[in-house]
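Subject: Handing over the model

Dear colleague,

I am passing the structure below to you, and after it I set out what was found. Please read the notes with the structure open beside them.

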Amino acid sequence: MTTTTYSVTRSSQAARVAAILGALVLIALIAAPWWAGRADMRLMGELFLYLSLATLWNLMAGYAGLVSVGQQAYVGFGGYMLFALTMFGGLHPLAAIALSGILGALISIPVAVLIFRLRGAYFAIGTWVIAEVFRLGFAQVSALGGGSGSSLPVAIVKSLASKRAMRESLSYWLALGAAVLVVTAVYLFLRSRKGLALTAIRDNETAASSLGIDIWRTKFIVYVVTSAFTAMIGALIFLQKLRISPDAAFSVNDWTAFVIFIVVIGGIGTIEGPIIGTLVFFLLRETLADLGTTYLIVLGIVAIVVMLKAPKGLWGLIRSRFDIQIFPLGYRITKRD
Amino acid sequence: MPDAILSMTGLDAHYGDFQALYGVDMHVDAGEVLAIIGANGAGKTTLMRSITGLLKNGPGQISHDGADIGGLRADEIALRGIAMVPEGRQLFPSLSVKENLMIGAQVGRKGPWDLDAVYKLFPILDERKDQQSTSLSGGQQQMVAIGRALMSNPDLILFDEISLGLAPVIIKDIYRALPGIIGEGMSAIIVEQDITKALSVSSRVYCLQEGRVSLEGGSDQISREEISRAYFGIE
Amino acid sequence: MDWLNAIVQGTLLGGLYALFAAGLSLIFGVMRLVNIAHGDLIVLAAYLGLTVTTATGIHPLLALAIVVPVMAAIGYVLQRSLLNQTLGDDLLPPLLVTFGLSVIIQNALLEGYTADPQKLSAGGLETASFALGGLTLGVLPVLTFAIAIAVIWGLQWTFYQTALGRAFRAVSDNQDIAQLMGLNRRHIFGLAMALALAVTAVAGILLGIRTSFDPSIGGGRLIFGFEAVIIGGLGNLWGTLIGGVILGVAQTIGAQIDPGWQILAGHIAFLIILAVRPNGLFPRISA
């Protein structure tokens, strides 16, 4: 008599191959300062920061059902905290980045209590109001340059590293580190009990609440954690830019529209989606950027078409064709003879 | 055989992966009252949803007045003269009694039914015409639902579980009014769990069981025994 | 007197905000759709007014005769060709599609009209004013407020006294049963969007006469309209007018304290009302 045994596993062949490839790519990326030019490193640094923002937005919208069009509130807040803490608090920029994450979490708590009263699409516009309040509020702070903004003093920039090449490498590594941290953290979170609860809520809110999952609390935690990370990314963004103004810091186009397009085109509600989306976004930008406004119109049309015709994005199309998962979240049953 | 106003041939119905009807063949003759009986989940409501177009079905499976209506949208089917009194009444809560009735007339079909005729049939509705429909008793709400369907002057009217949730005395009233309603050359399909009621007003009956027709015959010809076998599937 | 003046001017400003809000409120009421591109459509209407007035030389208020039907047609086509596809239980498609639409309209306007601020020239109407009990009232703000009242009264009448309004409410209550009554919900939704954008056209023209505009200001108008809707209470058109007035008064009082505080004061008033009365002051339906 032969028996067939089944084993329940999360890992897949594709995931193992991808893990090895990923490790190799990561090593190559860490070594970039030794093989890439300055312009390329800047571009890659920016790409990593967008990847982080997209992954965070995807966690909120794609998993927690919190569709925000106001994440620029935390990007700008983080950026301004970097400037304020280094200029007036005398903190080292790295300490200021970490602290702006904590402050971002703190300020997001009262914000969440308030705007969680709005549902669905109204929640989305509520987040935008908050971002506007932040923008107008910071424009009133004359110590930070008011409406015209301010530059990071040279002494603070130099405190990061005295040589320019070293500063650029450091800023690149910080961006890379942030992306790896954010993607890994979101992946591990979604694999955890809390993360599974989140997926359960997304799939069926009523059923999830009858299983004893506290929906409000779960969403609240996601919102606060996402805000903290977004604020840190914001601090990193403006550490690269070295200049901040209310309009740049709280730009809905730069920090929300692009991020939403990245996630929608790549595939919302998947971990791989934002990665693919970021690559596609930068590819399009580098080839079509000369078109200016036309480029944005094209981007908007592509996002609408993807949303209507392929709601799971490019990654969804790839996955349905090849049945692969690079970041396996669910368990699968495999047959062993 | 007189001309069928509605006929179904090999009608299938699905909810996603779940198949609810399997190759149902059925016809309603002009001017007749047809009863459809069956246990819970036998497919009665699914059948109603298929006929009215709320559930998509394939072309060629349902024809009305000789024309294929499979695949038409619900509003297009309504314009052709098929009306339904839905299960649970389903009045529009933000519309008054009168507005609920008038929305039925929106299809613009000519015929004997208008506000005055409905008020004459159910005088209580005339008194309550400006109230919100949800403030009425269950029986009065059922009158509004029936009046709303009549206002479209249909040639075929479907009654889906009209006695459900109503007091026996009110059910009696409504069934007493039915012959007067269905006169005028209209055909009707009555879906009921209460077999006695269904048989008392109909000329023919179909019994559904697990999505298939398990019995068909004249309402006064088939026996209790046959019905319970067809109803519960007990051999 | 300054304070009384601020309150009166704010009230009149509220009329404009109520016009921003009315279309938003209408489509939410009928099909539970929140249109992120609403503000950009207001700006689009202002630009259409600009094109009509510069091409023909007619007064902007007369241009309404062209802009209103054009916007209504755009609304119907937009709804039937695009937005109807997004409606369903899932929240994401309508939100993201209208967000994409917002970016498209904004950049198309940039392409067509550049980023330079524009204004609709209404001649003497822009500066005309009259004295009333020691206050000086602009004719345009008073006219705007009167139009807002007329538009909301008209919408209210359409909603509760006409066959179209009955159809709107029936579809809003129960789409399936409304279909059984011969109402094609896709067509009804198209008509609702047409009506909403007709109101948007009025709002856009009045905005363009009152202040200068450029393609980037749509988001701000959406937010003002949204705040008026939430303050007044969802689904209540007259509440929307009161919401607009509260927002307008908060802004003018804020500006009275410090000119930089005008917009911020309006947002803060909104957040306070959200904190104490999450369903708005006069809610009719729950979101």
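In chain B, four strands form an open sheet in the order 2-1-4-5 with antiparallel pairing, where strands are DSSP runs of E of at least two residues and helices are runs of H or I of at least four, both numbered from the N terminus, and where two strands pair if DSSP finds at least two bridges between them. The edges are strand 2 (18-29) and strand 5 (67-68) of chain B, each of which pairs on one side only. Helix 1 (residues 44-52) of chain B lies across strand 1 (4-15), strand 2 and strand 4, and runs at about 70° to strand 2 of chain B; axes here are lines fitted to C-alpha atoms, for helices over the stretch in contact, and angles run from 0 to 180 degrees between N-to-C directions.

Please keep in mind that this is a predicted model, in which local features need pLDDT of at least 70 and side-chain atom pairs count only at pLDDT 80 or more, while totals for chains, interfaces and linings use all residues. Residues are numbered from 1 along each chain as its sequence is written, and chains are lettered from A and ligands numbered from 1 in the order in which they are written.

Chain B is divided into domain 1 (4-81 + 155-232) and domain 2 (91-154), with bounds that come from an automatic or database domain assignment. The C-alpha centres of these two domains of chain B lie 23 Å apart, and 15 residues of domain 1 are in contact with twelve residues of domain 2, contact meaning that the C-beta atoms, placed from the backbone, lie within 7 Å. On the domain 1 side of chain B, helix 2 (74-79), strand 7 (156-160) and helix 7 (168-182) each supply at least two residues, and the largest share, four residues, comes from helix 7.

Chain A is likewise divided, into domain 1 (38-250) and domain 2 (252-324), and 21 Å separate their centres, taken over C-alpha atoms. The contact between them takes 20 residues from domain 1 of chain A and 16 residues from domain 2 of chain A. Helix 3 (38-63) is among the elements of chain A that give two or more residues to the domain 1 side, and helix 3 of chain A gives the most, with eleven residues.

Between chains, 33 residues of chain A are in contact with 32 residues of chain C. Helix 6 (120-139), helix 13 (252-266) and helix 15 (293-309) of chain A each give two or more residues to this side, and helix 6 of chain A has the largest share, eleven residues.

Chain C itself comes to eleven helices and two strands. Its radius of gyration, taken over C-alpha atoms, is 19 Å, close to the 19 Å that the globule rule gives for 287 residues, so chain C is as compact as a globular protein of that length; the rule is 2.2 Å times the number of residues to the power 0.38.

With kind regards

How values were computed: Two residues are in contact if their C-beta atoms, placed from the backbone, lie within 7 Å.
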